[in-house]
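Thanks for making the time this morning.

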Amino acid sequence: MSVSVRVPTILRTYTGGESEVSAEGGTLLEVLDHLDGAYPGIKARVVDEAGALRRFVNVYVGNDDVRFLDDLATPTPEGVQISVIPAVAGG
């Protein structure tokens, strides 16, 4: 299933500066694996060594935060937009 992935500025070095790329996969994990095949290293910036989403990275499938869905097993229907958003901290 083809989906669109919005890439934050900090990760665009992996995508050659592209702000949005296409990927394939029926779940978020499959999409991230496909992205990593096309853009080596990008998955490691989203997923930690234990295979979980990094603490300070938010991922949305459509308008829904995957942490409140099925996390990396969240389905990614054809044509959906996935947004990777690094958390911003400050004070």
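I will begin with the secondary structure and the overall dimensions.

Please keep in mind throughout that this is a predicted model. The protein has two helices and five strands, and if you follow the chain along the sequence, these are arranged in the pattern β-β-α-α-β-β-β. The C-alpha trace spans about 40 × 30 × 25 Å along its principal axes. The radius of gyration is 12 Å, which agrees with the value near 12 Å that a compact globule of 91 residues would have. Of the contacts with a separation of 6 or more, 48% are between residues 24 or more positions apart.

Turning to the interior, buried residues account for 33% of the 91 residues. The largest nonpolar core has 22 residues, and within this core V5, L35, V46, V59 and I82 touch the most other members. At least two core residues come from each of β1 (2-6), β2 (20-24), α1 (28-38), α2 (42-46), β3 (57-61) and β5 (81-86), with α1 providing the largest share, namely four residues.

Finally, the surface: the protein exposes about 5,200 Å², of which carbon and sulfur atoms supply 52%. As for charge, there are 7 positive and 13 negative side chains, and the centres of these two sets are 10 Å apart.

Note on methods
Residues numbered from 1 in each chain as written. Predicted model: local features only at pLDDT ≥ 70, side-chain atom pairs only at ≥ 80, totals over all residues. Heavy atoms only, no water. Core = buried A, V, L, I, M, F, W, Y, C linked by side-chain atoms within 4.5 Å. Buried < 20%, exposed > 50% of the residue type's maximum accessible area, 1.4 Å probe, protein only. Rg over C-alpha atoms; globule rule 2.2 N^0.38 Å. Contact = heavy atoms within 4.5 Å. Areas by Shrake-Rupley, 256 points an atom, 1.4 Å probe, with all protein chains shown as cover. Lys, Arg positive; Asp, Glu negative; His and termini not counted. Charge placed at Lys NZ, Arg CZ, Asp CG, Glu CD.
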